[in-house]
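Hi,

Here is the structure I promised to pass on. Have a look at it first, and my notes follow below.

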Amino acid sequence: MKFDRHARRKLLSHSVAVLTGLAVVAVLYPLVSIVYEAAVRGGGVLFQNGFLTSVPPNGCTVVSCSTVGIGPAIVGSFIMVGLASLLAVPVGVMAGIFASEYRTRGFGRAVSFTADVLSGVPSIIMGAFIYGYFVLYDPSSTYSGFTGSLALAAIMIPIVVRTTEEALRTVPNAMREAAIALGISKWKMTLRIVLVAALPGVATGVLLAVMRTAGDAAPLIFTALGSNLYPHDLFHQPMPALPLLIFNFALSNESNWREVAWGATLFLLLVILITNIISRMVIHRLSEKMTGNA
Amino acid sequence: MEGSKLTVEQLTTSSKLTVDRLTAYYGEKPAISDISLQFPDRQVTAIIGPSGCGKSTLIRCLNRLHETAYRTRVEGRVLLDNEDIYALDPVRVRRRIGMVFQKPNPFVTMSIYDNVSAALRFNGRPSRDETDRTVVRSLEQAALWEEVKDRIDAPAVSLSGGQQQRLCIARALAADPEVLLMDEPCSALDPIATAKIEELIGRLKHDYTVIIVTHNMQQAARVADYTAFLYLGKLIEFGPTEQVFERPTEKLTESYITGRFG
Amino acid sequence: MESPTPSSSSSNRPPLARVLTKTLLRGALPAFAAAIVGGVTYVQGYTLGPFGLSHLVALWLTVAVAVAATFGVVAGLAYVARRWPDPTFFGVVAAVGLSIIALAVAIVGILVYNSQASFRAFGWSFLFGQIWDPNRQIFGVVPFVYGTLITSALALLIALPLALGSAIFITTQAPRWLRRPIGSAIELLAAVPSVIYGFWGLYIVHPYMQLTVEPALQKYLGWTGLFSGTPIGLDLLTAGVILAIMIVPTIAAVSRDTLAAVPAAQKEAALSLGATDWETIHVAMLPYARSGIIGGVILGLGRALGETMAVTMVVGNVDQIPTSLLSHGQTIASLIATELLNNNGPLQISAILECGLVLLLVSLLVNVVARLLVWRVAKVGGGAIE
């Protein structure tokens, strides 16, 4: 009898091992499928000459288009994400410093909590927020790259605040105490010693926020609106973006446009993948350098 | 060195656990080398030696816990009643050879009752009555029953350190093992708690073979019938406690006992 | 300004007046100046700089700077009491911190402001309104509550076993060399943008659902009444499946971290009692990690509630209360995405934004609960937590 039970227990344990292994396969399968489909369906288009620089077809049919491309979308995304980062990174890092270094005061904790909570706000709500003031009521602004950047910045800021704060908190207090004991003023200590020590973490956080924002279409739908032409004006005309292009072209009835969407998908995936890998390598190198020298 | 190594053929009838040329590695480095030893049945054997001599590694090989760590390897045999435990299913082995750890580690999410009855639940669910009886009996054996009988459903972590350690002993005993391994069980406890546990070890040996690792020589002298002295991963001397402490055959043993190093 | 006399420095504190002046000169005064300039600019209606910053931005800058100035003064006074050794730094950083709180307030505020028209028209019954008809200008949030809740519930139901199972596999079963690659792959899953999930869902998952999965479900589980209607594939079920795939990385990452944080002593305690692998997981690891895992699930729920692009592309986009899992539906997020630009007038816009307000408040609540449970599993740079 005891042997029976033992065998059953072992069987249960092994079944769990198999089931959890299957769970991993099920979880990773979509990743494989997405990459595969994007490669197969978009690969042909992506590597055609001029795809990355041409303008999307305007009302041309399968027959009449010779070159189609996603050039404007790439430029538009680049501009908006860049602008958003320009605003979000300093604000986010400074607020993160505040949340971390002054957390003994209730205020610092309030900021930390708020940033935490804000990071869970759906990105479309951020877009609706910017739309709700700028586009609806402010006569001097309209669908534009600027409002799109603001929406993206609103999404990036809480992420950067949180990751900066966490990175700073991993720096041991012993370091801060040592610096103060040497008579270094607090701001110098915070910026030059603590922040530098936490730099790999902070950099990772920033890159994470940038990558997430680069692929986000929701906040741009009614702020930047998207277009098919190269952007000329940051403030007064709609600006194209890669995820917007994918969204619009994917729903189109023309297979030509859908092909462009697949090409854009493959491009975006490659950019994200490569950025992911490179950032990991750089951060690894950075932290090695730091722990090596410290 | 040769003189104190008992060969496998001698004392086989009264040996519960026999270690035969055991070497255990962490990565490439051997933590213990070529140890041969016999642990007599229903006696208390102490393993002593300075820090890093391999006592913990040795005892963790006896219930096959050593191999669960990263990049470890074991060579040699350990015979439990003439069966090599390394040829058996480790789950079965650990049921027959229980362990109490250096820091008390009760299951933090469970009550006292659930902690003690944990092992019973693995092997199907015995009746509530049977479980109750086993729990009471184990707690009595561990000299804890009187202190907790009114709050047996309280969280295990609400007990003091010494009580938690006795709880862990009760938990190990509830699994009905044949051998009880104790890895420095008192080193995290105060003297009063230590004394209680040493006292209960003296009673436990009537039913179980006890092997205790200790860095405290006086403790070995107090509780153990036999003592093994390890140094730098090798067995230096083994024998009845009285002989090892008063008439050691190895110079190294004598130096350690008299406090010249370690 | 008096000059300090050596004999009076028995307590080593600089004279009050000197400290105040220093602080004012260093921090507060320039701040005040900027605030005045900014305020004047705003009032006069000028725009600043070559890019034509709008009035609101100028106002925002002014407020922030004024706050910094205030802090400069307060900090200067506090400096006397030796509590804030670096007033300028504190002032600047605190002002930025304040602006984060201001941002949160602004988001809620603007959505509330924009919901006014809808609230005036429908009052509290908007929250119970079951009809959304732009032609008749009648709006209610209930159809989208159904859509949001059903898709999110489906997503959690599907994602939890898969994510938890993967986390268990990674922390206990997988050989060590396999652990980081699998973890990285799951993080990559989290990095894939929502539109791409939607695109893939629309062209690869949807036909599969329509032709294979849904007919099978109708055949074998039709008796539950959950699967009535013609299978088209663009429905709540498909949206739930895609959402599940998207939140698995979130739940898996948190679960993996909490499981990995179980102390070895607990696991060894179980092993030493003769437990099998599964029994060790079941007895020693899962109870210990339980609150963290639940926190991860709620975090996943929060993400599912607000997920927009992927859902918009596969959910069917019909503004009615669904009758089965195979009905076309609409979530609040997909509503905003599809109808904010194509609408029948300002009342509809206001109603849409009021729905957005509902979503915002629910997301905030869910997020607060999740954070309380997860307690910041310290993971800097991990992508999957979002």
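Keep in mind that this is a predicted model. I'll start with the sheet in chain B: six strands form an open sheet with mixed pairing, in the order β6-β7-β8-β3-β9-β10. At the edges sit β6 (97-100) and β10 (234-240) of chain B, each of which pairs on one side only. From one strand to the next, the twist averages 15 degrees.

Inside that sheet, β3 (residues 44-48) and β9 (residues 226-231) of chain B are parallel partners, joined over four bridges. If you want one to look up, T45(B) has Y226(B) in β9(B) as its bridge partner. Helix α1 (residues 55-62) of chain B lies across β3, β6, β7, β8 and β9 of chain B, and runs at about 150 degrees to β8(B).

Next, where chains A and C touch. The contact takes 79 residues from chain A and 72 residues from chain C. On chain A's side, helix α1 (residues 2-46) of chain A gives the most, with 19 residues. That side of chain A divides into 51 nonpolar, 19 polar and nine charged residues.

Finally, a helix pair in chain C. The axes of α8 (residues 236-260) and α10 (residues 277-306) of chain C come within 8 Å and cross at roughly 150 degrees. That angle is why α8(C) counts as roughly antiparallel to α10(C). The crossing is right-handed. Among the residues making the contact are L243(C) and I247(C) from α8(C), and M285(C) and A289(C) from α10(C). By class, this contact has eleven nonpolar, seven polar and one charged residues.

Cheers

Methods: Residues numbered from 1 in each chain as written. Chains lettered and ligands numbered in written order. Predicted model: local features only at pLDDT ≥ 70, side-chain atom pairs only at ≥ 80, totals over all residues. Pairing = 2+ DSSP bridges. Helix = DSSP H or I, 4+ residues; strand = E, 2+ residues; numbered from the N terminus. Axes fitted to C-alpha atoms, helices over the stretch in contact; angles between N-to-C directions. Contact = placed C-beta atoms within 7 Å. Nonpolar A, V, L, I, M, F, W, Y, C, P; charged D, E, K, R; others polar. Parallel < 35°, antiparallel > 145°, perpendicular 65-115°, else oblique. Left-handed = near helix turned anticlockwise from the far one by under 90°.
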